[in-house]
Structure formats: C-alpha cells, structure tokens
Amino acid sequence: MKNLFKRKILPTVFAILMLAATPAIAFADNEDGSAITASVTKSADVSTVAPGGEVSYTINVNITGDNEDDLLYGVLVKDELPVGLEYVQGSLECKDAIDDLKAEASFTEGVLTAQLYNISENGDSKEYNVFPGQSITFTYRAKADTGLVDGKILTNTAVVTSDTSDAAKELDSSAVSVTVTAPDKESPSDKSTLDESPKCGDNFLLGWFLELIGIFA
C-alpha cells in the first residue's frame with residue numbers, strides 16, 4: 001500500500017496541483033512581462049539662448065507593443081524646467097495625436113504634467129489607458145532669465161511613467177540642454193584722425209587745414 005502511494009497516488013496528486021497552478025503562473029508572467037511600453041523624446045529649437053530669450057521645446061510620446069490588445073495604464077509625462085527658465089503662459093499645446101490619444105496637460109510651478117487617456121467607446125467617460133500604436137506631441141515655450149551668465153547650461157528631462165504595478169514605474173526619459181550665450185559687449189569703434197578733427201563752425205578753416213596736413217603727412 002505504501003509503495004502504491006509513493007509510485008502512483010503521490011505523483012498524480014503532484015501533477016494535478018501543478019496543472020492547477022499553471023494558469024495563475026502564466027497570468028503573472030504575462031502581466032509583468034508585457035511587451036507594451038511608452039517611450040519619450042525631447043528636443044529644443046535652439047542649442048543656445050541669450051538672457052531674456054526664448055526656447056521652444058517639443059516632447060514626443062510613443063506607445064509601442066507587439067499585441068494591439070495590450071493596455072498600459074496610468075501613463076504620466078512630467079517635465080520640470082530648471083532654475084533660470086520660466087514657462088511662457090499659454091504656450092503649451094497637445095497635437096499630432098495618433099489614434100485619438102488625449103491628455104490632461106498643465107504647467108504648474110514650472111512643471112509640465114500630462115496624464116494620457118482615451119475616450120470610452122460610448123463616449124461618456126475617460127479611460128486612463130493607452131495601447132500600441134498611439135502617440136502624442138507636446139510643445140511649449142520657456143523664457144530665460146535676464147540675469148543668467150554666459151556659459152550656464154540649462155538642462156531639463158522629460159520622464160514618462162506608468163502605474164501598472166503597485167508603484168509608478170519609470171518607462172523612459174529624454175534630456176535636452178541649452179547653453180546661455182550672453183551677447184558680446186559693444187566695443188567702441190576706432191575713430192580716425194579725420195573724424196576727431198574740427199569740421200565746421202568757428203574752427204572750419206583750422207579743421208580743414210589739419211585734415212589736409214594729415215592726408216599728406
């Protein structure tokens with residue numbers, strides 16, 4: 001009886017338990033190892049900026065994945081301006097959205113925050129998920145402080161995260177730098193002897209005579 005239990009009954013019970021656990025294990029692996037993700041690229045329209053000048057930034061977010069039925073939840077884009085740059089009010093735009101991807105975007109205290117979402121099929125609610133093939137572009141302008149010194153480097157980073165797991169997970173980031181270039185001080189132009197000599201008025205003849213001497217000297 002003991003041998004029967006060891007050779008047949010025990011292996012059978014073990015096999016049943018493994019089969020029962022397999023779906024749960026496969027689901028967990030599929031959830032954590034999903035190929036869907038979000039990538040971000042950021043660029044500036046200039047590489048240098050003068051104190052008081054403006055920089056125009058562009059941020060592109062793309063959702064990629066192998067399975068069109070996969071969903072990525074709670075995708076958030078953040079971009080914090082460095083000290084020395086100030087957001088130009090009203091310049092933030094969301095455009096070039098593919099597959100009707102939308103965003104709740106705002107600039108508060110120098111930080112861009114954009115929550116991505118889709119409209120439900122019946123059109124009456126927002127669904128905070130995205131799927132492969134979607135993308136969206138953000139643009140905005142920032143003004144450099146007038147007191148910035150020549151050579152200062154202003155760097156800021158756009159970050160995209162997702163709260164698919166228990167905690168927000170960084171999926172990608174993209175940084176761009178702009179260097180402050182203060183305009184050269186205007187140097188006084190060299191004035192010729194002719195320019196400095198008297199021209200007219202009370203000393204017209206004297207001025208003319210000095211110019212003549214200077215020419216033939």
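Salt bridges and ring pairs in a predicted model

Ring pairs link Tyr57, Tyr87, Phe107 and Tyr140 into a cluster. This is a predicted model, where local features need pLDDT of at least 70, side-chain atom pairs count only at pLDDT 80 or more, and totals for chains, interfaces and linings use all residues. Residues are numbered from 1 along each chain as its sequence is written, and side-chain values use heavy atoms, with hydrogens and water left out.

Me: What makes phenylalanine 107 and tyrosine 140 an edge-to-face pair?
Reply: Rings of Phe, Tyr and Trp (its six-membered ring) pair if their centres lie within 6.5 Å; planes under 30 degrees apart are stacked, over 60 edge-to-face, and the rest tilted. Here the centres are 4.8 Å apart and the planes stand at 65 degrees, so the pair is edge-to-face.

Me: Why is the pair of tyrosine 117 and tyrosine 128 called tilted?
Reply: Their planes make 55 degrees, with 5.9 Å centre to centre.

Me: Why is the contact of lysine 42 and aspartate 79 called a salt bridge?
Reply: A salt bridge needs a side-chain nitrogen of Lys or Arg within 4 Å of a carboxyl oxygen of Asp or Glu. The N to O distance is 2.7 Å, so this pair meets the rule. Lysine 42 is in strand S1 and aspartate 79 in strand S5, 37 residues apart; strands (E, at least two residues) are DSSP runs, numbered from the N terminus. Lysine 42 is buried at 8%, and aspartate 79 is buried at 0%.

Me: What makes lysine 42 count as sitting over the ring of tyrosine 57?
Reply: The rule asks for NZ of Lys or CZ of Arg within 6 Å of the ring centre and within 35 degrees of the ring normal. The charged end of lysine 42 is 4.3 Å from the centre and sits over the ring.

Me: Why is lysine 126 with glutamate 104 called a salt bridge?
Reply: The closest N and O atoms are 2.8 Å apart, which is within the limit for a salt bridge. Lysine 126 is partly exposed at 40%, and glutamate 104 is partly exposed at 32%. Lysine 126 also lies over the face of tyrosine 117, at 4.9 Å from the ring centre.

Key
Helix = DSSP H or I, 4+ residues; strand = E, 2+ residues; numbered from the N terminus. Buried < 20%, exposed > 50% of the residue type's maximum accessible area, 1.4 Å probe, protein only.
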